[in-house]
Amino acid sequence: MKLFYLILFVTAGFFNTSNTNFDDETLTNVDVERINLHISEVKEKIGAGSNYNAKIAFLVDMKIKSGKNRFFVYDLENDKILDQGLVAHGSGSETGVGGELKFSNVPESKATALGRYSIEKCYKGMFGKAYKLAGLDETNSNALKRAIVLHQYSAVPENEQDHYISRSQGCPMISEAFFKRIEKIIDNSKSKIILDIYY
């Protein structure tokens with residue numbers, strides 16, 4: 001009987017297509033598949049450039065509603081989520097249809113731009129400490145020109161909720177408590193961390 005369970009355990013592990021360890025039961029199989037796809041792309045980008053952090057990456061899944069955790073701190077070495085939180089999208093990304101978003105790289109669009117970003121140096125702005133974001137793809141190449149930054153905002157709640165949260169001017173905007181956790185990771189990193197925003 002023990003042999004049967006051992007074979008069953010090994011077989012289940014072999015046919016499991018997800019390479020990510022998730023403790024969060026709120027994520028659907030589709031969410032997990034999207035995360036795995038983007039983790040592969042992030043790892044490929046890191047492999048092509050030695051100036052990126054190979055241990056940690058940030059992911060934002062814009063398919064998930066803004067009232068739910070959709071900003072993930074990801075452990076690239078152990079393939080698991082270390083932390084997660086709420087993040088606002090740009091007001092220009094609203095389509096008028098609930099749950100459907102549009103995206104833009106155009107200045108003054110106030111929309112979120114999809115793609116991979118490099119988290120750059122911090123500065124003090126109107127929201128306090130914030131991190132400049134450099135777009136690494138054609139879809140977000142105007143990030144610096146648009147002043148798209150990772151910043152905190154008091155109106156972004158710490159906990160998940162059933163309704164949508166406040167929107168930004170196009171920046172990934174997170175709660176003050178989540179920002180405090182994120183900034184420790186960024187400030188202690190000797191190389192640039194990649195942030196991937198996808199839909």
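Analyst: The structure holds five aromatic pairs, a pair being two rings of Phe, Tyr or Trp (its six-membered ring) with centres within 6.5 Å, called stacked when the planes are under 30 degrees apart, edge-to-face when they are over 60, and tilted for the rest. The model is a predicted one, in which local features need pLDDT of at least 70 and side-chain atom pairs count only at pLDDT 80 or more, whereas totals for chains, interfaces and linings use all residues. Residues are numbered from 1 along each chain as its sequence is written, and side-chain values use heavy atoms, with hydrogens and water left out.

One of these pairs joins phenylalanine 127 and tyrosine 153 in an edge-to-face arrangement, with 5.4 Å from centre to centre and 85° between the planes. The two residues are 26 apart and link distant parts of the chain, phenylalanine 127 lying in the loop between strand 5 and strand 6 and tyrosine 153 in the loop between strand 7 and strand 8; helices (H or I, at least four residues) and strands (E, at least two) are DSSP runs numbered from the N terminus. Phenylalanine 127 is partly exposed, with 32% relative accessibility, and tyrosine 153 is likewise partly exposed at 32%, on a scale where buried means under 20% relative accessible area, exposed means over 50%, and partly exposed is in between (1.4 Å probe, protein chains only).

Tyrosine 131 and phenylalanine 179 make a tilted pair, because their ring centres are 5.9 Å apart and their planes stand at 40°. This pair connects strand 6, which holds tyrosine 131, with helix 3, which holds phenylalanine 179, across 48 residues of the chain, and both tyrosine 131 and phenylalanine 179 are buried. Ring pairs also join Phe58, Phe71 and Phe178 into a cluster.

Phe178 and Phe179 bring the account to helix 3, whose buried residues are Phe178, Phe179, Ile182, Glu183 and Ile186. An α-helix has 3.6 residues a turn, so residues three or four places apart point the same way. The 13 residues of helix 3 should span 18 Å at 1.5 Å a residue, and its end C-alpha atoms are 18 Å apart, which agrees; the expected span is 1.5 Å times one less than the number of residues. Alanine 177 also belongs to helix 3 but counts as partly exposed at 35% relative accessibility, and its C-alpha atom is separated by 9.7 Å from that of valine 156, 21 residues away along the chain.

Helix 3 lies across strand 1, strand 2, strand 3, strand 5, strand 6 (128-135), strand 7, strand 8 and strand 9, and runs at about 60° to strand 6. Contact here means heavy atoms within 4.5 Å, and angles, from 0 to 180 degrees, are taken between N-to-C directions of lines fitted to C-alpha atoms, for helices over the stretch in contact.

The sheet itself is open and mixed in its pairing, with nine strands in the order 3-2-1-9-5-6-7-8-4, and its edge strands, strand 3 and strand 4 (87-88), each pair on one side only. Two strands pair if DSSP finds at least two bridges between them; strand 5 and strand 9 do so in the antiparallel sense over four bridges, and serine 118 has isoleucine 194 of strand 9 as its bridge partner. Helix 2 also packs on this sheet, touching strand 1 (52-61), strand 2, strand 3, strand 5 and strand 9, and its direction makes about 145° with that of strand 1.

Glutamate 158 and arginine 181 form one of them, with the closest N and O atoms 3.1 Å apart. Glutamate 158 sits in the loop between strand 7 (149-152) and strand 8 (173-174) and arginine 181 in helix 3 (residues 176-188), so this pair ties together parts that are 23 residues apart in sequence. Glutamate 158 is partly exposed at 32% relative accessibility, and arginine 181 is partly exposed at 32% too. Another salt bridge joins glutamate 120 and lysine 192 (3.1 Å, N to O), which link strand 5 (residues 115-125) with strand 9 (residues 192-198) over 72 residues.

Methods
A salt bridge is a side-chain nitrogen of Lys or Arg within 4 Å of a carboxyl oxygen of Asp or Glu.
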